[in-house]
Protein chains: 4
Amino acid sequence: MTERARRAARWERWSEWPLLVLAVAFLVAYAVPVLDVGISPSLRRTCDVVQWVAWAAFAVDYVVRLVLAEHRARWAATHALDLVVIALPLLRPLRLLRLVALLNVVNRHATIGLRGRVVAYLVGGAVLLSFLAALAVLDAERHGAEPNIQTFGDAWWWSITTMTTVGYGDRFPTTGDGRLIGVGLMIGGITLLGSVTATLASWLSDRVRAEADADVDALTQEIRALRLEIAALNERSGGEPDQASHGVR
Amino acid sequence: MTERARRAARWERWSEWPLLVLAVAFLVAYAVPVLDVGISPSLRRTCDVVQWVAWAAFAVDYVVRLVLAEHRARWAATHALDLVVIALPLLRPLRLLRLVALLNVVNRHATIGLRGRVVAYLVGGAVLLSFLAALAVLDAERHGAEPNIQTFGDAWWWSITTMTTVGYGDRFPTTGDGRLIGVGLMIGGITLLGSVTATLASWLSDRVRAEADADVDALTQEIRALRLEIAALNERSGGEPDQASHGVR
Amino acid sequence: MTERARRAARWERWSEWPLLVLAVAFLVAYAVPVLDVGISPSLRRTCDVVQWVAWAAFAVDYVVRLVLAEHRARWAATHALDLVVIALPLLRPLRLLRLVALLNVVNRHATIGLRGRVVAYLVGGAVLLSFLAALAVLDAERHGAEPNIQTFGDAWWWSITTMTTVGYGDRFPTTGDGRLIGVGLMIGGITLLGSVTATLASWLSDRVRAEADADVDALTQEIRALRLEIAALNERSGGEPDQASHGVR
Amino acid sequence: MTERARRAARWERWSEWPLLVLAVAFLVAYAVPVLDVGISPSLRRTCDVVQWVAWAAFAVDYVVRLVLAEHRARWAATHALDLVVIALPLLRPLRLLRLVALLNVVNRHATIGLRGRVVAYLVGGAVLLSFLAALAVLDAERHGAEPNIQTFGDAWWWSITTMTTVGYGDRFPTTGDGRLIGVGLMIGGITLLGSVTATLASWLSDRVRAEADADVDALTQEIRALRLEIAALNERSGGEPDQASHGVR
């Protein structure tokens with residue numbers, strides 16, 4: 001481990017909690033003006049400031065991690081999504097998915113297997129993603145030409161029906177921004193569906209194999225017991241136990 | 001096994017059937033006023049009483065099992081869903097999913113493999129869940145502002161199109177309660193879809209492996225036959241059969 | 001193989017083609033009055049007769065196979081679906097799924113693996129099921145109170161959007177019969193989706209394993225070559241090749 | 001490798017880039033008149049010419065590859081789709097899926113595993129397919145009787161909601177051609193969903209196995225260390241280390 005790598009690790013450890021707090025502050029500052037249209041201008045300005053501070057902090061974090069990276073070009077390639085999230089205002093709420101990282105903190109003290117962690121990430125990610133998408137689509141659609149998503153209840157209902165690929169069509173976005181959010185949700189929903197299925201398939205195949213193994217184990221036990229009995233029989237009749245056991249084996 | 005664990009097991013064995021009967025009674029007492037709006041006040045009151053009695057019995061069962069648990073904190077954590085179901089009136093019908101436990105009773109006398117049981121639970125759970133959701137959504141939607149689910153037929157049709165994630169949008173809930181039920185159904189539907197796929201994948205991978213194994217087995221048979229023929233040849237030509245077979249092995 | 005089992009096998013071989021021909025005749029006699037409302041009464045009567053004859057033939061086939069079965073109770077249990085299809089007029093068109101059995105005939109002369117056969121059954125079954133459901137739903141919906149499925153084009157479009165769980169909601173059944181057909185289609189669609197996924201998963205896992213095995217094989221080859229070189233070296237230097245090879249092993 | 005096979009390989013290598021360029025030219029010549037209805041007649045004629053030239057080049061490529069094939073009948077059978085794409089004007093844009101082959105070129109210089117390549121093909125194929133279907137459906141629907149897909153934005157939104165099987169139903173095709181394109185998209189979407197799930201399942205099962213293997217490896221290490229300690233003990237006590245280790249093994 002080089003000196004630089006150690007400093008990068010120290011930075012990540014040190015910045016973890018402040019960035020999480022800023023992400024939550026960003027969420028609140030983003031949600032308040034969206035949920036309540038009639039807030040006072042001063043509060044609205046405060047929210048704007050909080051959003052910009054949080055954005056600046058994340059940009060600084062990106063630059064610091066890039067500078068401290070061992071191989072900068074490779075780091076930039078594998079963290080392209082981070083740059084996109086910082087550059088595009090529309091994707092900014094996605095930063096909140098960092099909250100899912102909280103699970104990591106919880107996880108250190110728990111002893112959950114890989115599948116358990118996948119399930120925890122799925123549930124956490126799905127709840128957060130549907131909530132964020134509802135906020136964002138409400139923001140985008142409310143002032144559209146023919147809006148049919150106008151309350152947060154409608155927006156969340158829409159985001160859940162979209163993520164699960166049910167898609168009733170009682171609510172749907174009509175603006176370009178709203179549709180982009182919808183496409184993101186659909187991709188998230190397909191991944192969600194796929195992950196649920198994959199987890200179930202992995203669990204089931206393990207259980208089936210365990211059952212088969214249990215059968216084989218039981219059989220092995222039976223055979224071993226049988227062999228011991230034969231060996232005992234042999235010994236009693238004055239035979240050669242060693243060779244007999246060799247033959248059975 | 002401690003004395004307490006034995007008492008817990010005895011309680012579960014003893015309470016299994018009464019609780020199932022109460023769950024069915026609850027279902028009937030819940031369904032009758034929902035399906036027939038014009039029932040007499042006295043029958044309606046009887047239904048209310050039955051629902052409360054069933055609810056109390058389930059609460060008692062929860063407390064007894066908690067008291068008899070070896071590690072109470074851990075038991076409470078792993079049975080959090082039971083508490084939620086008892087505490088939230090909306091989720092109460094979910095208790096009927098206990099009926100699926102009937103399959104366990106059937107299962108003891110049958111010899112179905114793990115996959116067979118998964119399929120049985122899937123079918124039983126899907127039918128029961130769609131029926132319960134139809135009842136609950138009809139109850140919630142009928143008095144909404146602009147209801148479009150007004151008969152039990154519509155409600156069941158809606159619950160099935162939701163569970164399968166088809167979602168035509170000819171029927172959809174408009175109240176908060178109705179939408180909550182919808183979200184539950186979608187999650188159930190995704191799990192259903194995932195389980196069907198996982199079961200099929202597990203079955204197919206077993207079949208493919210069995211086919212491959214059959215090929216290997218056939219090959220092994222061929223080689224064994226060949227070896228015996230060579231050994232016979234060797235013996236006839238005055239060679240040393242023991243070493244030859246050792247070499248082939 | 002008992003005498004009865006041989007007779008059962010002979011019956012199945014003998015009845016295979018006549019039943020397939022009758023199934024196709026049934027399809028035509030079922031489709032013609034559905035597709036063309038204005039046919040002459042005599043043609044309509046002919047179609048009715050053909051349908052009844054086909055139905056009678058399938059009932060006779062069921063009885064004969066039941067009588068010739070080794071264990072009648074078990075046969076009836078495993079062929080419960082056959083009885084349901086014969087008893088319920090609504091499900092009668094399902095008999096056409098027998099046409100998929102044609103694939104069996106084709107298959108005998110081909111050398112397709114298990115996955116290939118699964119794909120062939122999927123494609124055949126999906127096309128046939130969507131076509132049959134379109135016919136049946138057109139028959140059921142045309143005379144409904146507020147029909148929105150009135151041409152065969154609309155019906156087929158509806159059945160495909162339902163099977164794939166897309167469910168636009170531009171066309172949907174409003175009668176009880178039509179909705180039952182829809183539920184059947186949705187279940188078929190979920191199974192279809194699941195089978196496609198399972199087949200892809202099985203194929204992918206085989207490919208990944210083959211890639212890993214290829215790596216191991218290459219490594220094994222390398223080691224074997226190395227070992228031979230060492231043995232040659234050993235021999236040249238007057239060492240004991242036998243023990244050396246034993247040590248490497 | 002025969003002389004003919006070598007010439008076939010040379011043809012494929014030689015024709016790869018020209019055909020890709022022609023495919024892109026075809027795409028542009030196809031897209032321009034669809035996206036902009038009011039282009040000048042001369043530009044429209046140029047687009048027509050480019051489309052015909054591209055079509056002719058693909059037909060020639062098909063014939064050449066058929067002539068150079070080792071077993072022509074088998075080649076025609078395995079490349080039936082190529083012939084269908086050339087013969088049916090509606091499917092012609094599908095030829096653009098060849099652009100996905102670009103990934104192959106990229107791939108040669110990269111070191112991505114099988115799963116990485118599957119993901120790359122999925123993403124590339126999904127973007128291209130949804131874009132092509134949007135173009136084609138706009139072309140087909142714009143002049144329908146009651147069109148509700150009239151801008152490219154609407155068309156792409158529709159194609160994405162269809163591929164992900166969400167299907168709101170705010171936009172849907174009403175003409176025969178448009179519906180055919182929709183069916184193709186749905187099949188593509190199901191395969192897409194299935195591939196995502198299969199990839200996730202394969203990844204997860206590998207990770208679970210790796211975790212289990214790590215456990216086994218740790219155990220093996222433990223046992224080996226234990227054995228060494230026992231051997232050391234044995235040696236110190238004047239025992240026979242060789243036999244002891246043999247017995248443990």
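Colleague: Where in chain C does C:Thr165 lie?
Modeller: This is a predicted model, in which local features need pLDDT of at least 70, side-chain atom pairs need 80 or more, totals for chains, interfaces and linings use all residues, and side-chain values use heavy atoms without hydrogens or water. Residues are numbered from 1 along each chain as written, with chains lettered from A and ligands numbered from 1 in written order. Helices here are DSSP runs (H or I, at least four residues), numbered from the N terminus. C:Thr165 sits in the loop between helix H7 (152–163) and helix H8 (176–236).

Colleague: Is C:Thr165 buried or exposed?
Modeller: Its phi is near 60 degrees, a positive value in a residue other than glycine. The relative accessible area of C:Thr165 is 1%, and under 20% counts as buried, over 50% as exposed, in between as partly exposed (1.4 Å probe, protein chains only). So C:Thr165 is buried.

Colleague: Now for chains D and A: which element of chain D gives the most to the side that touches chain A?
Modeller: 22 residues of chain D are in contact (heavy atoms within 4.5 Å) with 28 residues of chain A. With ten residues, the top contributor is H8(D).

Colleague: Which residue of chain A forms a salt bridge with D:Asp154?
Modeller: The rule finds one salt bridge across this interface, taking a Lys or Arg side-chain nitrogen within 4 Å of an Asp or Glu carboxyl oxygen. The closest N and O atoms are 3.1 Å apart, and the partner of D:Asp154 is A:Arg179.

Technical notes:
Helices (H or I, at least four residues) and strands (E, at least two) are DSSP runs, numbered from the N terminus.
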